[in-house]
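Try each task before you read its solution.

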Amino acid sequence: MTTMTISFAETDEQQQLRSMLRDFLAARGTSERVREVMASDTGVDDAAWKELGEYGLLGLTIPEEYGGAGSTFVELALVLEEAGKRLLPVPLLSSAVLGTAALQLAATDEQKQQWLPQVATGGLRLALAHLDQRGRMTSDPGVTARRDGDGWVLEGVAGYVVDGRTADLVVTAATTDDGLVLFAVAGDADGLTRDAIPALDLTRPLATLRYDGVRLGTDALLDGGDPMTALHDAVAAGVVAIACEQVGGAQQVLEMTTAYARERIQFGRKIGSFQAVKHRLAEGLVKLEAARSAALHAARAIAAGDKQEVPVAAAMAKSLCGEVYEAIAADAIQLHGGIGFTWEHDAHLYFKRAKATKLLLGDPHLHRRLLGDVLGL
Amino acid sequence: MSTDERARVEGQIEALFASHPPADTPHPEFWGAQFDHGLAWVQFPEGFGGLGVSPRWQADINRRIEEAGGSIRNRFNNVLGVGMGAGTLIAHGSEELQRRFLRPMFTCEEIWCQLFSEPGAGSDLAALSTTAVREGDTWIVNGQKVWNTLAHLAKWGLLVTRTDPDVPKHAGLTYFVVDMEADGVDVRPLYQITGEAEFNEVYFDDVHIPDSMRLGEVGEGWAVSMTTLMNERVAIGGHVAPRGSGAISHAVNAWEQTDKDDAVARDQLLAYWVEAEAMRLTAIRAGEAAKRGTPGPEGSTAKLHWADLNKSITSFAIDLMGAEGMTYPQGYDFSRPDLTANRTEDPHKAFLRARANSIEGGTSEIMKNILGERVLGLPGEPRVDKNVAWRDVPRS
């Protein structure tokens, strides 16, 4: 049905990138730091974000002519996987994936020149507002736009905007009389209010955005590509990005639980010697490796620009990785016993990230439905 | 060095193809010539079917032969010999035995079988109780083996026996090549839940084996057995089946026969489709990693995942059939199928055959122990049979 054009093997450059990220995250992505940021007003680690920008990791998929690194989605996926291991609270998904993809696919050349170089340094943070107030992905988002003289006026509510409160520029999907269009709306635009949603996962802020007569000039309209296609492809990139992040998180939490099972003694034995514990961890490893294959494959399909394969691979990765991460994180709480249920232990942070990302941008049932439609089953 | 090896392998392939065009030479004759050119097991020494080069060239050689219209069926038809016995002979056999056995093994003139498992020694192979007692230069063997593929066609068997019951179980084993046509060897079909007999039971009643047929030292049978089992995964081309094939094809076919209006069943079907495809991608990933010489955990999870998923999917396919799932159209005919029964086109048979997937080649429970202990580094179970003479260990 398809031909794999990119090997699963990592290039030397990718291995160097991974090793650099590990060093960075060992210093920046500590549990203490994540918890500190969780408790802050914005929920974003600004210092880590700035550093990622200095390393050139925020514009990986942005072409060099727009100030980016001109790398592929495979490199970006690798960053997400490593960041996912540490639950790094930075707007990678919202800005480096969703917002960047939307701008690249829908913005005019002039608009790209204006924004993308700043996005690549981390100076301009993007978010994507395309869901209605209840978080549904429909062809009719919660925001409408009507012409007003030379410009536009936006009304309505966008729900579940990842990092919506802290974004400098919100790519907003809106319905017009001529169908769906995308606008770039400044985060501090008059008439725009941004309220935090009390989130299950405190490491990834969500916001409700209310557009009460937000006035935009013509230059806010993203007019460089078909908006429907752009939105669709940006969401596909987001879906695969989440899957890669989930694989990183699942691996980390499985390692955490395995380490505990090697040390914890009950009944005079390391609990990892009990088959009831050992087998559950082995099953976790089997699931993890399957999830990793699905995520890596999907990232490579995007990098190769394989239009036929991306819908299959993305739906596959999102449905599988979400369920695998949740299962491994849930097992982590169970196998840690009482300590795993405490606030002080990190197990719940992974469990919450797992559950939230399983539902973000479509739950496994939805993605299996989409996959079935593509496959004709 | 690797360029040198490539050139040598390439030269031998060209010479072989020139003297014995793969598409036009009868298979046994071609395989004999392939052996003589050192392209049978390329890592073996010269004169013994190899060139003494890296085994990774073998996959290329096999592919070239198939592309040229030749056959590598001997690797399947004589799988216990070509796949497992050959490596054991090279590692532990005398030169005399190597010269005697390897070539007719590769040409399939002599079929081989493996005689390891017993009714009382499945997962715990080292507990086996078939005895070999020495009388001068001869060993007298008594006992029963089970799950012996190809034993009814085999000329030679790879046999592991207990030669010393007074030491701990691993220390008292000795390994032989046994003539399956010898007096006292009785091969009987073993019928499975499918009604077919892919396997045999083999009974030994005072069977005489010359000491010259021993592989490895007396008491080192466990190490020799491990060599055989390690060779189980010798590359036979590294084929990964295409997307949508295998068990999931049964489920998809069954779904196509339904009204396709059950959302729950559809969700389950797609969940299995995804898992099957992820497993297939994992096999590709494992193959790439093995080729690079950097195998990771993905290779170790494959067997376990495949076994359990195959069972689930083939069972689900039967569920989708509704009342038809209660039928067994082929009937239980008590036949002897060929070796490809595990890849049957019949979903009813596939459903039953898959039950064995999580038992054969290491039960899923044992595989989980191995993953847990060797990959995840978890401690082993406390052992009650350690440092105890085999004679004194409880047996059912």
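Two strands pair if DSSP finds at least two bridges between them; strands (E, at least two residues) and helices (H or I, at least four) are DSSP runs, numbered from the N terminus. This is a predicted model, where local features need pLDDT of at least 70 and side-chain atom pairs count only at pLDDT 80 or more, while totals for chains, interfaces and linings use all residues. Residues are numbered from 1 along each chain as its sequence is written, and chains are lettered from A and ligands numbered from 1 in the order in which they are written.

**Exercise 1.** Find which residue in strand 5 of chain A stands opposite A:Ala174.

*Solution.* Start with the two strands: strand 4 and strand 5 (residues 179-186) of chain A pair in the antiparallel sense over eight bridges. Next, look at the turn, where two residues lie between them in a hairpin.

**Exercise 2.** Work out in which sense strand 1 of chain A runs beside strand 4 of chain A.

*Solution.* Strand 1 (residues 126-129) of chain A is joined to strand 4 of chain A by four bridges, and the two run parallel. For one contact point, take A:Ala127, whose bridge partner in strand 4 of chain A is A:Val170.

**Exercise 3.** Decide how many residues of strand 4 of chain A are buried.

*Solution.* A residue is buried if 20 or more other C-beta atoms, placed from the backbone, lie within 10 Å of its own. By that count, six of the eight residues in strand 4 (residues 169-176) of chain A are buried.

Notes. A residue is buried if 20 or more other C-beta atoms lie within 10 Å of its own, exposed if 12 or fewer, and partly exposed in between; C-beta atoms are placed from the backbone.
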